[in-house]
Amino acid sequence: MSRENGRPEAGASGAGEQLALIREAVRETRTERAKPRTWRGAELAAELPVARVLVDKGLVHLDRYFDYAVPAAMDAEAQPGVRVRVRFGAGEKGGRREGGKLVSGFIVERVAESDYRGVLAPVAQVLSSERVLTPELLALCRAVADRYAGTLADVVQLAVPPRRARAEAKPSPAPLPPNAPPEPGSWERYGAGPGFLAALTRGDAPRAVWTALPGPTWPQELARAAAATLAGGRGALVVVPDGRAAARVDAALGELIGEGRHVLLTADAGPEERYRRWLAVSRGAVRAVVGTRAAMFAPVADLGLVALWDDGDASHSDPHAPQPHAREVLVQRSVNERAGCLLGGLSCTVEAAQLVETGWARPLTAERAAVRAAAPLVRTVGDGDEARDAAARAARLPTMAWQVVREGLRSGPVLVQVPRRGYAPRLACERCRTPARCRACAGPLESQDRGELACGWCGRPEGDWHCAECGGARLRAQVVGARRTAEELGRVFPSVPVRTSGRDHVLSSVPGAPALVVSTPGAEPVAEDGGYAAALLLDGWALLGRPDLRAGEEALRRWLGAAALVRGQAEGGTVAVIAEPTLRPVQALVRWDPAGHAVRELAERAELGFPPVSRMAAVAGRPEDVAELLRDAELPAEAEVLGPVPLPVTDPSRPRRPGDPPPGEQWERALVRVRPGQGAALAAALKAARAARLVKREGEAVRVRIDPPDLG
């Protein structure tokens with residue numbers, strides 16, 4: 001490997017020896033396709049004999065292209081966009097310079113000459129002639145890598161699924177003609193809705209932030225937007241948070257346009273089937289995609305619409321480096337490919353509100369009369385209100401909330417949203433609410449199924465607990481989990497069936513008969529026959545009290561998601577939320593005004609200088625490594641460093657997630673803030689500093705995340 005320009009070399013240097021070294025390999029091959037070995041003596045391609053290759057090495061200091069020679073036998077297959085294998089790196093063997101290990105990569109370009117003056121290693125093997133990395137997809141990946149201070153190879157790994165040879169061997173079906181334009185349907189409830197669909201059909205690129213009305217019709221509305229785009233001869237891409245939502249939109253789109261014009265891209269399909277569907281999109285056989293997060297990179301031809309549902313859902317943020325958010329990727333695609341953009345949801349994020357405020361997008365909302373007709377009646381109950389009857393006390397419910405449940409069960413199912421799963425995830429002193437901690441390791445105490453206490457970290461049982469602050473001996477659940485709530489409600493309403501839906505077992509739907517459905521946020525099933533008769537939103541203080549800048553926005557989003565499943569006020573639908581009535585998110589829920597809440601949150605962010613008004617990067621690692629990287633990085637002149645502050649030690653009782661510190665290590669995190677317009681410079685400076693540390697082999701790796709969603 002040449003350290004001067006990063007071009008790999010194989011064999012001794014000197015232009016006169018190049019052909020002699022390459023010709024030797026011709027006699028060793030028995031097939032036209034190259035074997036996975038270094039070529040010697042092979043004839044070079046007559047035209048454009050140099051291939052620029054993106055090597056599958058996600059190291060920040062290797063984020064560039066490498067030049068390789070193209071043998072004549074590979075000339076037809078070694079085209080831009082195909083997968084190849086190349087020798088990467090070099091070492092001494094038998095007194096000769098030999099190529100390094102075989103690694104995978106993609107050819108991004110064929111050129112006539114290389115700016116490297118030494119001997120180029122030839123491409124070892126063309127894995128497939130399928131051009132999977134198109135120029136449009138490559139440009140998108142490059143833009144995403146630059147925005148998030150990541151490497152191009154890491155982003156391409158997210159964008160292009162792993163190869164499945166059997167799927168590639170099967171041809172994709174011929175594309176079907178465009179469908180007929182759909183009727184506006186329920187889009188007529190929104191003032192600009194029919195006009196938005198008409199613009200998509202004409203081939204325009206309208207951009208809108210859509211605040212959807214409560215009810216079960218949003219999948220059909222997304223499907224109509226996609227169908228209108230297809231009717232105009234362009235492609236459509238719809239990204240939703242999870243497989244349940246994707247299945248609903250997929251079914252609605254299939255009813256509108258029939259089979260064969262779109263595909264569903266989710267992990268549930270399995271690797272081979274998902275790759276087969278992805279190839280159908282890449283080959284142009286279908287021009288519409290419905291999928292989850294990874295589908296944001298789907299190579300839809302002639303893209304006319306990108307649509308994202310519920311952009312505030314955490315699942316839209318990829319956990320793998322460089323951790324891009326689907327909203328930012330789709331907005332970038334809308335700009336690059338001149339496509340329409342639809343950010344929709346029952347709630348409204350601060351980022352979406354900023355797009356409207358800056359004029360980049362237009363609001364797409366219904367009149368207040370339509371909102372009042374579709375939304376349920378929302379009643380508030382303070383968390384400190386005392387229940388006056390025994391039945392309400394047994395279920396931990398204030399009297400009014402208990403009455404809402406009882407009245408709702410007369411006409412249909414009742415939804416109960418609980419912030420946590422399990423039995424009783426965290427306990428605290430009943431008198432002063434100090435968290436109950438283990439005396440051995442200071443881990444949180446948890447209640448077991450038989451009522452015994454044990455540490456959630458070390459597992460040590462705790463037989464005689466007393467509060468270290470006030471000496472109290474009685475405990476209360478900080479947040480009672482779904483299983484415990486279901487058990488308590490089952491005792492109060494013994495003749496009513498109780499169902500639970502959570503991470504371990506998520507229900508897609510429940511019958512319309514009277515029943516109690518206890519669910520964690522995001523796992524609420526759809527109730528058949530018109531929706532739930534009532535909903536109860538428990539422990540609102542647990543959502544609002546989280547130490548997070550987005551606590552209010554996230555609480556409102558979760559409440560709206562559950563309340564939207566309840567029948568409208570005209571049909572008797574009622575929602576009771578257990579939270580302080582005067583708080584802004586609670587008032588926004590009562591008025592059903594998510595856009596207004598987002599605008600006020602945006603104004604506060606502007607005063608504080610927090611994203612999305614500013615750009616911010618989180619730098620995490622060992623204290624000495626964070627300090628060195630920030631000292632060496634050439635940050636923009638007006639960059640402001642906040643912190644560093646210690647990060648909490650990873651809870652060993654739960655699986656490690658991307659970004660968690662190694663077990664037993666104390667990490668720090670610093671925030672770097674810059675004004676608007678300097679985000680690209682901030683990302684480039686941090687990326688260059690990380691690359692320099694890797695080249696010099698200084699310290700441990702430092703993790704950088706641009707615009708982290710959890711600022712704390």
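A crossing of two helices is right-handed if the near helix is turned clockwise from the far one by less than a right angle, and left-handed if anticlockwise. I took helices (H or I, at least four residues) and strands (E, at least two) as DSSP runs, numbered from the N terminus.

I worked on a predicted model, in which local features need pLDDT of at least 70, side-chain atom pairs count only at pLDDT 80 or more, and totals for chains, interfaces and linings use all residues. Residues are numbered from 1 along each chain as its sequence is written, and side-chain values use heavy atoms, without hydrogens and water.

Entry on H5 and H6. I found that helix H5 (residues 193–202) passes helix H6 (residues 218–231) in a right-handed crossing. Their axes, lines fitted to C-alpha atoms over the stretch in contact, with angles from 0 to 180 degrees between N-to-C directions, come within 6 Å and cross at roughly 30°. H5 is therefore roughly parallel to H6; angles under 35 degrees count as such, over 145 as roughly antiparallel, 65 to 115 as roughly perpendicular and the rest as oblique. I listed the contact (heavy atoms within 4.5 Å): Leu197, Leu200 and Thr201 of H5 meet Arg224, Ala225, Ala228, Thr229 and Ala231 of H6.

Entry on H19 and H20. Helix H19 (residues 623–632) and helix H20 (residues 679–696) pack at about 120°, with axes 9 Å apart, and are therefore oblique to each other. I noted Asp625, Glu628 and Leu629 of H19 against Leu686, Ala689, Arg690 and Arg693 of H20.

Entry on the sheet. I saw 3 strands in an open antiparallel sheet, ordered S16-S17-S18; strands pair if DSSP finds at least two bridges between them. Leucine 453 has glutamate 462 in S18 as its bridge partner.
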